[in-house]
Amino acid sequence: MAKNFSIKHQTGFTVIAATCFIVLYLPIIVLVAYAFNAANSTSEWGGFSMRWFQSAWQNVQVIDATLRSFQIGAVAAVLSTIFATMAALATTRTASYPGLTFKYAAINQPLMVPEIVTGVALLIFFSRIKIFTGYSGIGYLIAAHTAFCIPFAYLPIRARLENMDLTLERAAADLYATPWKTFRRITLPLLWPGILAGLMLAFVISLDDVVITEFVKSGGQDTLPTYMLGQIRRGITPEINAISTAFLLLSVAIVTLFFFVSRKRD
Amino acid sequence: MATAEQVAKAAERRDVRDRWLLSAPALLVIFLAATGPLLIVLIYSFLTPGPYGDVKWQFSPDAWLSVFMERDIFDDTLSLAAAHVTIFWRSIKLAVITTIATLALGFPTAYFMATRSEKTRDLWLFLITIPFWTNLLIRTFAVLQIIRNEGIINTILIKLGIVSAPVQILFTDTAILIGMAYVYLPLMVLPIYASMEKLDFRLVEAGYDLYATRFKVLRKIIFPLVKPGVIAGSILVFIPALGAYVTPSVLGGGKNMMLSNLIELQFGQGRNWPLGSALSITVMIIVMVALLAYVRNAGKSGTRHG
């Protein structure tokens, strides 16, 4: 058969792909455009203005929720990354041993259950503990976020570890390096891009969460997403567009960083 | 004196112990803040509701009974709980259609991305990653603005004279479907792309050499080879779609409840925690059954190609 056509081409696929990308980006572009709308409502266009960004910037509730989001996200991301790194070291580059399958299942468990179920489970559990201990701070949110960030942090770290060969570590051991020294001087530097990618992933996942936070939070503990959900239910204001746009920019920045970090090969 | 075998055994035991110690913190956190609480939900589903939420520690099968059945308050007879059945049916239907829709759109998109040159591939991957990592609530909100009565779709339709009054999309099942397909599309594209990227196009070429049509090549060569990606994508879309909370509550309004909204209702205004717990367990059972059936079925049909 004469090959005067591209074998990689499939009829209609390019059109569907183009539609997908347009559809994915169109709503986001409209959202960002309306954040710069001077009018009081999102139904009409009243010219370009930054007033809604200013108004969001001066809104105490927004600032409060943002700071809380970052606080929870940072602590949960660091904790989950440390735990995920340790777990990844324990579950890779080894022959099968008793409990290995159990560990995989346990670490990925938060991914297999719909968020709403985890949310209500934590609502029940933590409300008991709250009565018992009297503590109602953001510790519960941090614990919950750490738990569901672990599988996400675990993914890139494990992938990186599995692609690393043992030669350098064996060489170090042959040269009488202690296990700890081998880990610190060889394994950790090689693993670092994976850890960084895991950390960023965990941070974004924590920053994104609405459902579990909504069920776990005590009064006055809104994070930025739960605050926004409350506002959207009450009615749309351009201020929400402005907050979304700022949030979006942050996500793009983190994704860009993540992309470069995880693409870096050895 | 210890034999070499004994020394090796001891070293192995030490290694396994160290590996358990290393994974202990992660396992502990997940048990305390994810798996453990699920067991409590199971227990709660067999208790009696308390007057102000929470439970009375008294065994009762009522919650499980009222997942699908309703007790008549006058003559105590049981009948099918129409409201619950409607919500279950809507949730399952919307989750399945969302999975099919994202597959129909995502498969060609992943194929397109995987067949670009090595350099441009990274760009497309980057473009699909941005919506993926953008907050789900923000993306749902973006869809809300497009499909509402004053939104861009209705404005265009009216300006073009196709309709005279705005089409009501918001607060319907269609709105939830559009929203879910939109927010979960990258979850379908990414795993399919991952297996598509490894596709050996010499096999495709061989297919054409043997006079296969484009469609036949797609069905007999490409699809079986990227099946693991398709399965992964479908699972990644179906689970969150069945338990979706944000999208239905923002785009569906109060009337178009899905399972998650029904569960929330029992823990909020409904003050029936055992029923909420029983419903949660039911959602998990549906997810597990669907997963097992899907994985088994997908594994059976089509031969393995390695």
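A:Cys149 is buried in this predicted model, with a relative accessible area of 0%. A:Cys20 is likewise buried, at a relative accessible area of 4%. A disulfide would be a covalent bond between the sulfur atoms of two cysteines.

Helix H3 of chain A covers residues 60-91, which is 32 residues. At 1.5 Å a residue, H3(A) should span 46 Å, and its end C-alpha atoms lie 45 Å apart, which agrees. The N-terminal end of H3(A) is capped by A:Asn59, where a side-chain oxygen lies 3.0 Å from the backbone nitrogen of A:Gln61. Following H3(A) comes A:Arg93, with a positive phi near 50°.

In chain B, attention turns to a hairpin. Strand S1(B), residues 47-49, and strand S2(B), residues 55-59, run antiparallel and are joined by 3 bridges. B:Thr48 stands opposite B:Lys56 of S2(B). Between the two strands are 5 residues, and in this hairpin B:Gly53 adopts a positive phi near 85°.

Along the principal axes, the C-alpha atoms of chain B fill a box of roughly 95 × 75 × 35 Å. Buried residues make up 48% of the 306 residues in chain B. Of the contacts in chain B with a separation of 6 or more, 63% are between residues 24 or more positions apart.

Methods:
Residues numbered from 1 in each chain as written. Chains lettered and ligands numbered in written order. Predicted model: local features only at pLDDT ≥ 70, side-chain atom pairs only at ≥ 80, totals over all residues. Heavy atoms only, no water. Buried < 20%, exposed > 50% of the residue type's maximum accessible area, 1.4 Å probe, protein only. Helix = DSSP H or I, 4+ residues; strand = E, 2+ residues; numbered from the N terminus. Expected span 1.5 Å × (residues − 1). Polar contact = N/O pair within 3.5 Å; in protein donor to acceptor, adjacent residues only side chain to side chain. Pairing = 2+ DSSP bridges. Contact = heavy atoms within 4.5 Å.
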